[in-house]
Amino acid sequence: MSVEEVVLYKNEKGIVTLTLNRPEALNALNRDVLNQLSTILDRIKTDPSVKAVILTGAGEKAFSAGADISYLHQATPLEVRDFAQLAVSVTSQIESLGKVIVAAINGYALGGGLEIAESCTPRSCFLQDQR
């Protein structure tokens with residue numbers, strides 16, 4: 001999957017929806033997702049036309065399962081440290097965005113995915129009927 005597709009951006013009348021777009025991996029966070037999210041958040045922060053943000057996950061199972069274990073398994077200790085620092089930086093960006101950012105939690109929110117959800121202003125859970 002290309003970098004352009006890991007976070008979807010949609011702006012409707014000043015309400016931006018950001019969708020973590022790795023449903024096959026339960027929207028697990030990797031460097032591409034965090035870098036893309038960071039870039040978009042920088043743009044949103046300085047865009048006066050954006051009034052609010054909704055952050056959600058693609059698919060029906062997960063908001064985000066947290067760090068991508070397959071990446072962490074092959075990464076060096078220094079790469080893991082840099083990855084963790086990037087994740088902390090993104091949560092800080094969310095907390096200091098200066099605009100309402102709602103976490104629309106639509107399934108699992110684990111580890112770093114939960115930390116991202118907790119960084120948002122309000123959080124709402126949208127669970128599918130499992131019958």
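These are my notebook entries on a predicted model of a single chain.

**Entry 1: overall fold**

I began with the secondary structure. The chain has four helices and seven strands. I then read the elements in order along the sequence, and the pattern is β-β-α-β-β-α-α-β-β-α-β.

Next I looked up the dimensions. The C-alpha trace spans about 40 × 40 × 25 Å along its principal axes. I checked the radius of gyration against the globule rule. For 131 residues the rule gives a value near 14 Å, and the chain has 14 Å, so the two agree.

How much of the chain is buried? I noted 41% of the 131 residues. I also looked up the contacts between residues at least 6 apart in sequence. Of these, 68% join residues at least 24 apart.

**Entry 2: surface and charge**

The accessible area of the chain comes to about 7,300 Å². Carbon and sulfur atoms account for 56% of that area.

I then looked up the charges. The chain carries 12 positive and 15 negative charges. Their mean positions lie 7 Å apart.

Is Val6 buried or exposed? Its relative accessible area is 2%, so I wrote it down as buried. I also took one distance from Val6. Thr39 is 33 residues away along the chain, and the two C-alpha atoms are separated by 12 Å.

Val16 came next. I found it in strand E2, residues 15–20. Its relative accessible area is 0%, and the cut-off for buried is under 20%, so Val16 is buried.

Which residues does Val16 touch, beyond those up to four places away in sequence? I listed Tyr9, Lys10 and Asn11, then Ile44, and then Val50, Ala52, Val53 and Ile54.

Val16 and Ser96 are 80 residues apart in sequence, and their C-alpha atoms are 17 Å apart in space.

I looked for backbone angles worth a note. Most residues other than glycine have a negative phi. I found two exceptions to record.

Lys13 has a phi near 55°. This residue is in the loop between E1 and E2. Its relative accessible area is 85%, which makes Lys13 exposed.

Leu26 also has a phi near 55°, again a positive value in a residue other than glycine.

**Entry 3: Asn27**

I moved on to Asn27, which lies in the loop between E2 and H1. I looked up its accessibility and got 1%, so Asn27 counts as buried.

What does the side chain of Asn27 reach? I recorded two backbone oxygens. The one of Ala58 is at 2.8 Å. The one of Ala62 lies 2.7 Å from a polar atom of the Asn27 side chain.

**Entry 4: the end of helix H3**

My last stop was helix H3, residues 77–95, where I looked at Gln93. Is Gln93 buried or exposed? At 14% relative accessibility it counts as buried. Its side chain makes a polar contact of 2.9 Å with the side chain of Asp42. Gln93 also touches Ser38 and Leu41, not counting residues up to four places away in sequence.

I got a relative accessible area of 57%, so Glu95 is exposed. Finally I took the distance from Glu95 to Thr121. They are 26 residues apart along the chain, and their C-alpha atoms are separated by 7.5 Å.

Terms used
Residues are numbered from 1 along each chain as its sequence is written. This is a predicted model: local features need pLDDT of at least 70, side-chain atom pairs count only at pLDDT 80 or more; totals for chains, interfaces and linings use all residues. Side-chain values use heavy atoms; hydrogens and water are left out. Helices (H or I, at least four residues) and strands (E, at least two) are DSSP runs, numbered from the N terminus. The radius of gyration is taken over C-alpha atoms; the globule rule is 2.2 Å times the number of residues to the power 0.38. Buried means under 20% relative accessible area, exposed over 50%, partly exposed in between (1.4 Å probe, protein chains only). Contact means heavy atoms within 4.5 Å. Accessible areas come from the Shrake-Rupley method with a 1.4 Å probe; for residues, only the protein chains shown count as cover. Lys and Arg count as positive and Asp and Glu as negative; His and the chain ends are not counted. The place of a charge is taken as NZ of Lys, CZ of Arg, CG of Asp or CD of Glu. A polar contact is a pair of N or O atoms within 3.5 Å; within protein, one must be able to donate a hydrogen and the other to accept it, and residues adjacent in sequence count only if both atoms are side-chain atoms.
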